[in-house]
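Open the model in your viewer and keep the selection tool ready. We will go stop by stop.

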Amino acid sequence: QVGQVFLYFQWDSLLLEAGFLAVLVAPLRLVKWRSPAWRAHDGVFASGVVKLTSRCPTWWGLTALTYHYETQCIPTPGAWFAHQLPVWFQKFSVVATYVIEIAVPLLFFAPIRRLRLFAFYSQVLLQVLIILTGNYNFFNMLTIVLAFSLLDEEHVGHWLGRSKRRQASTWPPSLRAVLSTLLELSAYGFLLYWSVQCFSLEINWEKRLLDSKVAFTYHEFTTWLRAVTLPLVGLGFLSLSWEILSAMYRCACVRGCFWKLWATLQWAVFATATMGMFAISLVPFTYIDYESNGKLWPGIHQMFNAVERFQVVNSYGLFRRMTGVGGRPEVVLEGSYDKQTWTALPWGFRAPGPQPPSGLGCPHSEGRRIPVGANAVSPAVIRLVQVDESQYPFSAQPPVYIRAQLYKYWFTGSAEGSGEGPVPWWRRQHVQEFFPAVSLGDPTLESLLSQHGLKDKTLLKRSADAFLPRLLQSLRQLSRPFS
C-alpha cells in the first residue's frame with residue numbers, strides 16, 4: 001500500500017502472496033529436505049470464472065479478443081499482429097483461454113504425472129502468449145513461477161541434462177501402467193468432449209474456419225459453479241493431506257534419532273503453516289460463489305480477517321468486463337507558447353500518434369499527475385514523461401499554455417497505409433476537448449488543483465547531505481542511461 005494508486009495492482013498482490021509462499025519453501029533447502037507441496041490453484045481458476053460471472057457480452061459472445069489487444073492498458077507490437085488474426089481464430093482463442101483457466105487447473109491435483117505436466121505446459125503457454133501481446137508487469141512471470149510447483153525433480157533434471165536413465169520398458173506392460181494410460185487418455189478425451197459440447201465447436205469446411213459459440217446459459221453456469229466449488233475445496237484438501245502424510249512418512253524413514261526428531265519438528269512447523277495458508281485461501285477462492293463462501297467454517301473467516309491486511313492470499317480476476325469496446329479512449333496533453341500552435345506531449349508507453357505500440361516494459365508503473373508550468377522543464381519531471389529527454393518538445397522552455405484533448409484510438413488493419421513507407425499502427429478520431437487551455441495563475445486551473453489536492457505543499461526541510469538522499473541520487477544517476 002506504500003505506492004498507493006501508483007503501485008496497487010493485482011500483480012503487486014500476487015508478488016506478496018508468492019513471496020510468502022517462498023518463505024515456506026526456501027529455508028528447507030538448507031537442510032536438504034523436501035517440503036509438503038503447496039499448489040496455489042485458486043488464482044488461476046478464478047481468472048477464468050469471473051469472465052463468465054460478470055455477464056460481459058464480449059466474453060459470452062467469445063468476441064473479447066477482437067477488442068482486447070488494442071484496448072488493454074499498454075499494448076506491445078505483438079498485440080498489433082495478434083489483432084490482425086481472423087475473427088474465428090479470436091473466438092477460438094477465447095475458448096482456449098476458458099479451457100486453460102477453468103478446466104485445466106483441475107489437473108493440478110491429478111495423480112498421474114503426465115497430466116500434471118500437461119497442466120503446467122498449458123499454463124506456461126497461455127502466460128507466454130499474454131507476455132508477448134501485453135504489458136502486465138511481473139504478473140504472468142509470477143504465475144509461471146507458481147506453476148513450477150507442478151514439476152518434479154526428474155522432469156527438471158531432464159531440462160538440465162541430469163535426468164536419471166529409466167529402466168527399459170517391459171512387455172507386456174504392468175496393470176498399473178495400462179490403467180494410468182487409460183485414465184490419462186480418458187482425461188484428454190473428456191477435456192476435448194467438454195470443450196466441443198460447451199462451445200459448439202464445429203469445422204465449417206465451406207468457409208474453411210472453426211465456428212464456436214457459448215452453448216450454455218448464465219443460470220446453467222452458476223448452477224454448475226455452485227455444484228463444483230465445495231467439491232474442489234475437498235479435492236484440494238485431499239491432495240494437500242496426501243502430501244503432508246507422505247512428508248511425515250519420509251520423516252520416519254530418516255536415520256538417526258536426532259535427525260529424525262529434527263525432520264519431524266520441521267514437518268510439524270511447515271505442515272501447520274501450509275494448512276493455515278490453505279484454510280485462509282478458501283475465503284478468496286469461494287468468492288466465485290458467495291453461497292459456498294457462506295458455508296465455510298466461521299473460524300476460517302476469522303483467520304482470514306486477521307491476516308487480510310498482509311495480502312498473503314488474494315482473489316484474482318483480470319478483465320472481468322472488456323473495456324474500450326467503442327474504441328480506446330486516450331487523453332492527449334498539448335502545450336503551446338502562443339495558444340495558436342499546439343504540440344502534443346509524448347508519454348512513453350501511451351499512444352499519442354500513429355507510431356507502433358511500445359515494447360515490453362517490465363516492470364512498469366504509470367504516473368497520473370500532470371506536470372504544469374515551471375515544473376514541466378525540471379529534468380526529473382521530464383524523465384517521468386519521456387525517457388529520451390531530447391524527444392521532449394519543451395525541454396528548453398516550459399509551455400505557457402496547456403490543454404487536453406480526448407481521442408478514440410483503434411489499431412489499423414494490415415491492409416491500411418499509403419503504399420509507401422511504414423504502415424501506421426494507430427488510427428484515431430477526435431472526440432472532444434477534455435480540458436480547456438490554461439496557464440499558470442488561471443483561476444480555473446487554481447480551483448481544480450485545490451479541489452483535487454494537487455497544489456504544491458510546503459515540503460519538510462531535510463539535509464541534502466543526508467546519507468539516504470545521496471544514496472538514492474547516486475542510484476538514479478547510475479540507472480539513467482537505461483530504459
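Start with residues 124-152. Their end C-alpha atoms lie 16 Å apart, and the span is 66% helix and 0% strand. Helices here are DSSP runs of H or I with at least four residues, strands are runs of E with at least two, and both are numbered from the N terminus. This is a predicted model, where local features need pLDDT of at least 70, side-chain atom pairs count only at pLDDT 80 or more, and totals for chains, interfaces and linings use all residues. Residues are numbered from 1 along each chain as its sequence is written, and side-chain values use heavy atoms, leaving out hydrogens and water.

Next, select residues 92-112. The end C-alpha atoms of this span lie 28 Å apart, with 57% helix and 0% strand.

Both spans come from a record. The unreviewed UniProt entry lists 14-31, 92-112, 124-152, 224-245 and 265-288 under "transmembrane region". UniProt positions follow the numbering used here, feature names are shortened, and annotations may be inferred rather than shown by experiment.

Now select helix α1 (residues 10-25) and helix α8 (residues 139-147). They pack at about 30 degrees, with axes 9 Å apart. Axes are lines fitted to C-alpha atoms, for helices over the stretch in contact, and angles run from 0 to 180 degrees between N-to-C directions. So α1 and α8 are roughly parallel (under 35 degrees; over 145 is roughly antiparallel, 65 to 115 roughly perpendicular, the rest oblique). Show side chains: Trp11 and Leu14 are among the α1 residues in the contact, and Phe139 and Leu142 among those of α8. Contact means heavy atoms within 4.5 Å. By class, this contact has 8 nonpolar, 2 polar and no charged residues. Ala, Val, Leu, Ile, Met, Phe, Trp, Tyr, Cys and Pro count as nonpolar, Asp, Glu, Lys and Arg as charged, and the others, Gly among them, as polar.

Move to helix α11 (residues 218-252) and helix α12 (residues 257-285). Their angle is about 175 degrees, and their axes are 9 Å apart. That makes the two helices, α11 and α12, roughly antiparallel. Residues of α11 including Phe237 and Leu240 meet a set in α12 that includes Trp267 and Phe278. The class count is 16 nonpolar, 4 polar and 1 charged.

Then pick helix α7 (residues 113-133) and helix α10 (residues 175-199), packed at about 35 degrees. Arg114, Leu115 and Phe118 are the α7 side of this contact.

Last stop: aromatic rings. The whole structure has 26 aromatic pairs. Select Trp59 and Tyr98: their ring centres are 6.1 Å apart and their planes stand at 55 degrees, so the pair is tilted. Rings of Phe, Tyr and Trp (its six-membered ring) pair if their centres lie within 6.5 Å; planes under 30 degrees apart are stacked, over 60 edge-to-face, the rest tilted.
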